[in-house]
Amino acid sequence: MSEFTYFFKEGFFHVLDWQAYDHVLFFIVLVIAYTFDDWKRILMLVSLFTLGHTGSLFLAVYNVISVNSKLIEFLIPITILATALFNVLTAKKTTKQNKIGILYITTAFFGLIHGLGFSGYFRMISSIGDSKVLAILEFALGIEVSQIIVVIMVLVVSFIAQTILRFSKRDWVLVVSSIVIGMVIPMIINNRIW
């Protein structure tokens, strides 16, 4: 197996690992309020998250920053909760245009947090390759592709729920975000830092 294939697969399956479904939950609540018509905005959000994720891997692998892993494991479900609560609080609004700048910034920041959660493992596997920079970029490409797959799946399920099952957009966003909130509260309790 080539180095590219190895790191691409590690990034790809990092997101699609059902035992570590926090990444998937984050993307569900990040894009649940959007449709296929919003593809540019969705692509921007996914890419900003990946940039944040990749940036924190660079910083951690090159020992620029070091963060307590317990703190990061606590903050990851907090980012999911914050995004889900944002959906609940803004579900009645028909457009989120006025909040998009804040959403872009917070998505990139949340990507930094999620990337730090994986930095210890990545440090270990990056010793396999010749170049850490290439390894991080290959890994990031795998993450980006898998995130796009998750986003497409969420958009398809949302389309079916809203057109065939006749959920209103508001109700769909509220139901899905509430389910995710119910899933992350135990994660927060189990990873508490107090």
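With which side chain does the side chain of Gln147 make a polar contact? The views below are of a predicted model.

View 1. The side chain of Gln147 makes a polar contact with the side chain of Thr50, at 2.7 Å. Gln147 is buried, its relative accessible area being 0%. Leaving aside residues up to four places away in sequence, Gln147 touches Val15, His23, Phe27, Val46, Phe49 and Thr50.

**View 2. Helix H1 (residues 3-15) and its buried face**. H1 has 13 residues and reaches 19 Å from its first C-alpha to its last, close to the 18 Å expected at 1.5 Å a residue. Phe7, Gly11, Phe12, His14 and Val15 are the buried residues of H1. Seen down the helix axis, these residues fall within an arc of 160°, so they line one face of H1. Val15 is also one of the residues that Gln147 touches.

**View 3. Helix H2 (residues 22-31) within the structure**. Because 10 of its 10 residues are buried, H2 is largely enclosed by the rest of the structure. Among the buried residues of H2 are His23 and Phe27, both of which are touched by Gln147.

**View 4. Helix H4 (residues 69-90) and its N-terminal cap**. The end C-alpha atoms of H4 are 32 Å apart, which agrees with the 32 Å that 22 residues should span at 1.5 Å a residue. Asn68 caps the N-terminal end of H4, with a side-chain oxygen 2.7 Å from the backbone nitrogen of Lys70. The buried residues of H4 include Ile72, Phe74, Ile76, Pro77, Asn87 and Thr90.

Methods. Residues are numbered from 1 along each chain as its sequence is written. This is a predicted model: local features need pLDDT of at least 70, side-chain atom pairs count only at pLDDT 80 or more; totals for chains, interfaces and linings use all residues. Side-chain values use heavy atoms; hydrogens and water are left out. Helices (H or I, at least four residues) and strands (E, at least two) are DSSP runs, numbered from the N terminus. The expected span of a helix is 1.5 Å times one less than its number of residues. Buried means under 20% relative accessible area, exposed over 50%, partly exposed in between (1.4 Å probe, protein chains only). The arc is that of the directions from the helix axis to the C-beta atoms. A polar contact is a pair of N or O atoms within 3.5 Å; within protein, one must be able to donate a hydrogen and the other to accept it, and residues adjacent in sequence count only if both atoms are side-chain atoms. Contact means heavy atoms within 4.5 Å.
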